[in-house]
Amino acid sequence: MVGSPAMSGPRLDTPDVRPVRARVSIGLAAAITLPAVGFQLVHPDLEHALEALIFGIAIVGAAFLLSWAAEVAQLDISAGLAIAILALIAVLPEYAVDFVFSWKGGKSFAATGAACLPIDGGTESPCSLALANMTGANRLLIGIGWTMVVFVTFYRLRKTGRLSKGGARWAGVVLDREHSIEISYLAVATIYSLSLPLKHSVTLLDAAVLITIFVLYTIRVSRAPADEPHLVGPALYLGTFADTKRRVTIVGMFVAAAGVILLCAEPFAEALVATGENFGVSEFLLVQWIAPLASEAPELLVAGLYAWRLNSNAALGTLVSSKVNQWTLLVGTLPIVFAISSGTLHGLPLDAMQREELFLTAAQSFFAVAVISSLSMSLREAGFLFGLFWIQFIMGAVVPESMQAIERIGVGIVYLAIGTWVFVGDRGRLRHLFHDGFRASFDELAGERADDDRAASPS
């Protein structure tokens, strides 16, 4: 393992360790992957909707196993690098599904040219679907994930009596200064991503820029000192194992879960497309929203458990790190997969709708960075993010197709306008953020730590 020497894990007799419940959870997560593995071996003739359900559930189970294993890995590597690796592994299902569509898009481009027509069923261009899952996952992560942490923390503080009635003076969820690193790199990636909707393809140059941002981010966080991780649920139980047993178990969980995801990603993607075709439902919408729910569910649940236990710093920090991952490495690798599949150096083509979707996603990211750049998120700010996400989602479902471009661009402009207003109102915010994110030593960053009690203090 990389980083500092391994830290001792929790004791088995720690009150929060519940071995029976943990074993049941791990066993259940493993068990729900088995039908999909079996169906891949015997290839029964099933309805496409049932196939999508079976393979989607298997991906959820594998994602839970990955998430628990990645959490426990924090006992053996530096704290910052652990967060980055946890975020990377947690979105492995996202990569697998996106890579399937990018690969199919490359094959279609090689066979049909720039039109990128369907070549194996379905009505949507595989090039169009290649970015659908990514844009949906990114917007879900912020609109649902980040805001959920604030709402759950607020609810728990009220229930435990640590917050006055009404919570009008609650400062919100406060992050440690170390999280300036993730937010700084996310800000850079977001600023660059605003140029993507102006292009007709996501090029290999874009890939190089975004992957470079991710590599620099990983190098920066890998230098963070070791810290005792906050484990919950099955991860806490696994952390009680002796070092050798724990590491063997974690590696086994990684390998098994990754194998299930690789086995199920393509049939899951194909079943989703076929289901949309059979039922007259937009394949694009199924890929954009249903597939991310399968891959994001474990990560959101882990963050929710952290927030429930009032460890909101870890909850929101992990989701911010995941956003960095998705907005740099995931977006950056898609044109590489496309180029390999197509046998060309052409970028991943963007049609008009994809450019609008990218603009909306980048604009939401810009607003989210503006909010979180203060290292806090208040209840009101979370309400804005949550409300705008659902307004756009509902409007996208009800407005006529001829008006959807205006709707996407309009909501994107609202995100940009509010984000710009936040930065203009506090002109020194970015300067302080970038100093901490890019230049400050970890000793300096550790000098001021957020804790759960501060989250309950009056502002």
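**Exercise 1. The pair α5 and α6**

At what angle do helix α5 (residues 92-112) and helix α6 (residues 126-159) pack, and how far apart are their axes? Classify the arrangement and describe the contact.

*Solution.* The structure is a predicted model.

Step 1. Helices α5 and α6 pack at an angle of about 160°, and their axes lie 7 Å apart.

Step 2. Angles over 145 degrees count as roughly antiparallel. Helices α5 and α6 are therefore roughly antiparallel to each other.

Step 3. The crossing in which α5 passes α6 is left-handed.

Step 4. On the α5 side, the contact is made by Glu94, Val97, Asp98, Phe101, Ser102, Lys104, Gly105 and Ser108. Helix α6 contributes Pro126, Cys127, Leu129, Ala130, Asn133, Met134 and Ala137.

Step 5. Sorted by class, the contact of α5 with α6 holds eight nonpolar, four polar and three charged residues.

**Exercise 2. The pair α1 and α3**

Determine how helix α1 (residues 19-31) is placed against α3, and which residues meet there.

*Solution.* 

Step 1. The packing angle of α1 and α3 is about 140°, with their axes 7 Å apart.

Step 2. This angle makes α1 oblique to α3.

Step 3. Helices α1 and α3 cross in a left-handed sense.

Step 4. From α1, Ser25, Ile26, Ala29 and Ala30 meet Gly61, Phe64, Leu65 and Trp68 of α3.

Step 5. The contact of α1 with α3 comprises six nonpolar and two polar residues, and no charged ones.

**Exercise 3. Glu71 and Ala303**

Are Glu71 and Ala303 buried or exposed? Locate each residue and state its distance to a partner.

*Solution.* 

Step 1. Glu71 belongs to helix α3 (residues 48-72). Its relative accessible area is 1%; a value under 20% counts as buried, so Glu71 is buried.

Step 2. Although 161 residues separate Glu71 and Val232 in sequence, they are 9.0 Å apart in space, C-alpha to C-alpha.

Step 3. Ala303 lies in helix α11 (residues 283-308). With a relative accessible area of 3%, Ala303 is buried as well.

Step 4. Ala303 and Ala314 are eleven residues apart in sequence, and their C-alpha atoms are 7.7 Å apart.

Step 5. Neighbours within four places in sequence aside, Ala303 is in contact with Met148, Val149, Ala315 and Leu319.

**Exercise 4. The chain as a whole**

How many helices and strands does the chain contain, and what share of its residues counts as buried?

*Solution.* 

Step 1. The chain has 18 helices and four strands.

Step 2. Of its 459 residues, 56% count as buried.

Step 3. Among the contacts in the chain with a separation of 6 or more, 83% are between residues 24 or more positions apart.

Notes: Residues are numbered from 1 along each chain as its sequence is written. This is a predicted model: local features need pLDDT of at least 70, side-chain atom pairs count only at pLDDT 80 or more; totals for chains, interfaces and linings use all residues. Side-chain values use heavy atoms; hydrogens and water are left out. Axes are lines fitted to C-alpha atoms, for helices over the stretch in contact, and angles run from 0 to 180 degrees between N-to-C directions. Helices (H or I, at least four residues) and strands (E, at least two) are DSSP runs, numbered from the N terminus. Angles under 35 degrees count as roughly parallel, over 145 as roughly antiparallel, 65 to 115 as roughly perpendicular and the rest as oblique. A crossing is left-handed if the near helix is turned anticlockwise from the far one by less than a right angle, and right-handed if clockwise. Contact means heavy atoms within 4.5 Å. Ala, Val, Leu, Ile, Met, Phe, Trp, Tyr, Cys and Pro count as nonpolar, Asp, Glu, Lys and Arg as charged, and the others, Gly among them, as polar. Buried means under 20% relative accessible area, exposed over 50%, partly exposed in between (1.4 Å probe, protein chains only).
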